[in-house]
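This report goes through a protein model from its sheet to its ligand. Keep the structure in view while reading.

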Amino acid sequence: MSRGVDGFGRRIDYLRISVTDRCNLRCVYCMPEKGVPWREMSEILSFEEIERFAAAAVEEGISKIRLTGGEPLVRKGIVEHVARLRAITGIEAIAITTNGILLPRYAQALVDAGLNRVNISLDTFDPEVYAAITRGGKLEDALAGIDAAFEAGMHPVKINVVVVRRLEQDLLSFARMTFERPVHIRFIEYMPVGGEGEQTVGGACSSESSAGDWTIEDHVPSDEILTQLNAACLAAGLGELAPVPRDEAPGGWGPASYYRLPGALGTIGIISPLSHHFCGECNRLRLTADGKLRMCLFSDNELDARAVLREGSADDVRALIRAALAAKPESHQMRVGTVRRMSQIGG
Ligand code: SAM
């Protein structure tokens, strides 16, 4: 197997690092209502351990890093961590996925540290619905985060919208936003992550097919999202969504298909991990906050990077990454339910 290529010939150059399992929100589709027990700090990788891992990963073909969580901006020292990661030769870009709440405080410092690319999670423009989805968050804080990202010159600024049928989100207002700013909206299918082995009240999970409160009824296939959005845009006089050619789409590391409304500054992307799974184009590994290397979002088969970082050499870390590439599954096979919640993986 050549460097940076997995057992199915896919080039793996993208590493998602969860820097914390803690979050300042409790989104309904990401965490159970009572939260998840936080890991002890001794179980969480130190920044120094993450940086050593990243340096080894570069040697094995990784060139792009996304920081996620939990909420990555709640971890103290995150800006200096970004600067140190950015200084690793071979890392071409660093991005962050955040709920945006702390961006007014950190956006400029992150840019100064070398991070420009940001994905901000926002599922609605209705303050009450936002508070309900996030279990207590304030919409104005998330919107201030989006403003702060633009003011700091972050680019591209993408908005992640998880589409869940029972939330009855107004997707048209996101389409309107693309006329106001060069923002890239990404509608993401709700994924059945978490719930495996959880004790739930009311039998929301069964042991064979469980994913917390996920139900197939709440999953809105991307084709349906696109058809309904297009109809709503036409009815509202915004015109028809036209596909954006790949070379004109906002540079991304993932599998979104992008569309644009006539005259819009930004684009609308659709991500369909379930209805049109893109495993054939998968380019990523995931490192969890407690130091487990995950080869597939939907598979609990993990390698213990923390043990190797704490007891092994740099060569051992590289060997572990090669083992992960060799063990990466060909596809997720629509597995429903994982032991970890999304907040413990990082999306
Ligand atoms: N706290 C950060 C945030 O809110 O963006 C980063 C962590 S969050 C786990 C990363 C992404 O996963 C977010 O965009 C979130 O909306 C998405 N996500 C969480 N649970 C999901 C689910 N069940 N299906 C689809 N996306 C999900």
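Two strands count as paired if DSSP finds at least two bridges between them. The model described here is predicted.

Twelve strands make up an open sheet with mixed pairing, and their order is 7-8-9-6-5-4-3-2-1-10-11-12. Strand 7 (242–243) and strand 12 (302–304) are the edge strands, each pairing on one side only.

## Strands 1, 10 and 11

Strand 1 (residues 14–18) pairs with strand 10 in the parallel sense, over four bridges. In this pairing Ile-17 stands opposite Leu-287 of strand 10. Leu-287 also stands opposite Leu-293, which belongs to strand 11. Strand 10 (residues 284–287) and strand 11 (residues 292–294) run antiparallel and are joined by two bridges. Here Arg-286 stands opposite Arg-294 of strand 11.

Strands 10 and 11 form a hairpin with four residues between the strands, and Gly-291 in this hairpin has a positive phi near 80 degrees. The residues of strand 10 point in two directions: Arg-284 and Arg-286 one way, Leu-285 and Leu-287 the other, and all are buried.

## Strands 5 and 6

Six bridges pair strand 5 with strand 6 in the parallel sense. Asn-160 stands opposite Arg-186 of strand 6. Is strand 6 mostly covered or mostly exposed? Strand 6 is mostly covered, since six of its six residues are buried. His-184, Arg-186 and Ile-188 point one way from the strand, while Ile-185, Phe-187 and Glu-189 point the other way.

## Helices on the sheet

Helix 2 (residues 78–86) lies across strand 2 (64–68) and strand 3 (93–98), and runs at about 170 degrees to strand 2. Helix 7 (residues 222–235) also packs on the sheet, where it touches strand 5 (157–163), strand 6 (184–189), strand 8 (257–260) and strand 9 (267–271). The direction of helix 7 makes about 155 degrees with that of strand 9.

## Two buried residues

Lys-64 is part of strand 2. Its relative accessibility is 16%, so Lys-64 counts as buried, the cut-off being under 20%. Leaving out residues up to four places away in sequence, Lys-64 touches Asp-13, Tyr-14, Leu-15, Ala-93 and Trp-253.

His-219 sits in the loop between strand 6 and helix 7. It is buried because its relative accessible area is 9%, and the limit for a buried residue is under 20%. His-219 and Tyr-190 are 29 residues apart in sequence, yet their C-alpha atoms are 5.6 Å apart in space. Apart from neighbours within four places in sequence, the contacts of His-219 are Arg-165, Glu-189, Tyr-190, Trp-214 and Leu-274.

## The ligand

How many residues surround the ligand? There are 18, and the closest are Gly-70, Glu-71, Ser-121, Asn-160 and Met-191. Strand 3 and strand 5 each supply at least two residues of this shell.

A nitrogen atom of the ligand lies 3.1 Å from a polar side-chain atom of Glu-71. A polar backbone atom of Met-191 is 2.8 Å from a nitrogen atom of the ligand, and a polar backbone atom of Thr-98 is 3.4 Å from an oxygen atom of the ligand. On its own the ligand has 550 Å² of accessible area, and the protein covers 95% of that.

Notes. Residues are numbered from 1 along each chain as its sequence is written. This is a predicted model: local features need pLDDT of at least 70, side-chain atom pairs count only at pLDDT 80 or more; totals for chains, interfaces and linings use all residues. Side-chain values use heavy atoms; hydrogens and water are left out. Contact means heavy atoms within 4.5 Å. Axes are lines fitted to C-alpha atoms, for helices over the stretch in contact, and angles run from 0 to 180 degrees between N-to-C directions. Buried means under 20% relative accessible area, exposed over 50%, partly exposed in between (1.4 Å probe, protein chains only). A residue is near a molecule or strand if one of its heavy atoms lies within 4 Å of it. A polar contact is a pair of N or O atoms within 3.5 Å; within protein, one must be able to donate a hydrogen and the other to accept it, and residues adjacent in sequence count only if both atoms are side-chain atoms. Accessible areas come from the Shrake-Rupley method with a 1.4 Å probe; for residues, only the protein chains shown count as cover.
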